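Morning, everyone. Please have the viewer open.

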Amino acid sequence: MGMKYAGAYLMAVLGGKESPNAGDIQKILESVEAEFDSSIAEKLVSELEGKTVHEVIAAGKDRLKAFGGGGGGGGVAVVASGGGGGGGVPAAEEKKAVVEEEEEDEGVDFDLFG
């Protein structure tokens with residue numbers, strides 16, 4: 001099932017429809033000239049029938065909690081050496097991140113929902 005159908009369903013809910021139907025999804029998708037498959041929309045509507053979006057989202061969050069967090073490792077400790085004689089080891093140079101700007105291509109035909 002495409003995310004565009006779920007997105008259109010959620011947009012209809014935000015627009016005030018408690019239980020959007022396939023026609024509501026079709027209106028939204030066709031307004032942005034996206035392809036529409038009624039079988040996919042009907043399947044989504046039937047799966048969400050009798051449920052509120054808020055309940056479905058809350059249930060999904062509970063399932064995601066079971067995956068655990070993505071807490072990475074701890075920070076790296078930097079040890080500073082104390083004064084002393086002028087050893088022959090040069091200091092490490094800082095690497096500067098190069099920020100590249102993306103070129104804007106005005107000739108690109110982009111369809112967010114297609």
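Start with the layout. The chain has 4 helices and 0 strands. Read from the N terminus, the order of elements is α-α-α-α. This is a predicted model, so confidence comes next. The mean pLDDT over the chain is 78. Residues scoring at least 70 make up 59%. Among the helices, α2, residues 22–31, has the highest confidence in the chain, with a mean of 95. Confidence is lowest in α4, residues 53–65, at a mean of 87.

Two numbers for the whole chain. It has 114 residues, and 14% of them count as buried. Now take the contacts between residues at least 6 apart in sequence: 52% of those join residues at least 24 apart.

On to packing. For any packed pair of helices, we quote the angle between the axes and the distance between them.

First pair on my list: α1 and α2. How do their axes cross? At roughly 105 degrees, coming within 9 Å. Angles of 65 to 115 degrees count as roughly perpendicular, and α1 and α2 are therefore roughly perpendicular to each other. Who makes the contact? On the α1 side, K4, Y5, A8, Y9, M11 and A12. On the α2 side, D24, I25, I28 and L29. By class, that contact of α1 with α2 has 8 nonpolar residues, no polar ones and 2 charged.

Stay on D24 for a moment. D24 sits in helix α2. Is D24 buried or exposed? Buried: its relative accessible area is 14%, and the cut-off for buried is under 20%. Leaving out residues up to four places away in sequence, D24 touches A12 and K17.

Next pair: α1, residues 3–14, and α3, residues 38–48. Their packing angle is about 55 degrees, and the axes are 10 Å apart. That makes α1 oblique to α3. The crossing of α1 and α3 is right-handed. From α1, the contact uses Y5, A6 and Y9. From α3, it uses I40, A41, L44 and L48. In the contact of α1 with α3, the count is 7 nonpolar, no polar and no charged residues.

Look at Y5 and Y9 in the viewer. Both take part in the contact with α2, and both take part in the contact with α3.

That's my tour. Over to you.

Technical notes. Residues are numbered from 1 along each chain as its sequence is written. This is a predicted model: local features need pLDDT of at least 70, side-chain atom pairs count only at pLDDT 80 or more; totals for chains, interfaces and linings use all residues. Side-chain values use heavy atoms; hydrogens and water are left out. Axes are lines fitted to C-alpha atoms, for helices over the stretch in contact, and angles run from 0 to 180 degrees between N-to-C directions. Helices (H or I, at least four residues) and strands (E, at least two) are DSSP runs, numbered from the N terminus. Angles under 35 degrees count as roughly parallel, over 145 as roughly antiparallel, 65 to 115 as roughly perpendicular and the rest as oblique. A crossing is left-handed if the near helix is turned anticlockwise from the far one by less than a right angle, and right-handed if clockwise. Contact means heavy atoms within 4.5 Å. Ala, Val, Leu, Ile, Met, Phe, Trp, Tyr, Cys and Pro count as nonpolar, Asp, Glu, Lys and Arg as charged, and the others, Gly among them, as polar. pLDDT is the predictor's confidence in each residue, from 0 to 100. Buried means under 20% relative accessible area, exposed over 50%, partly exposed in between (1.4 Å probe, protein chains only).
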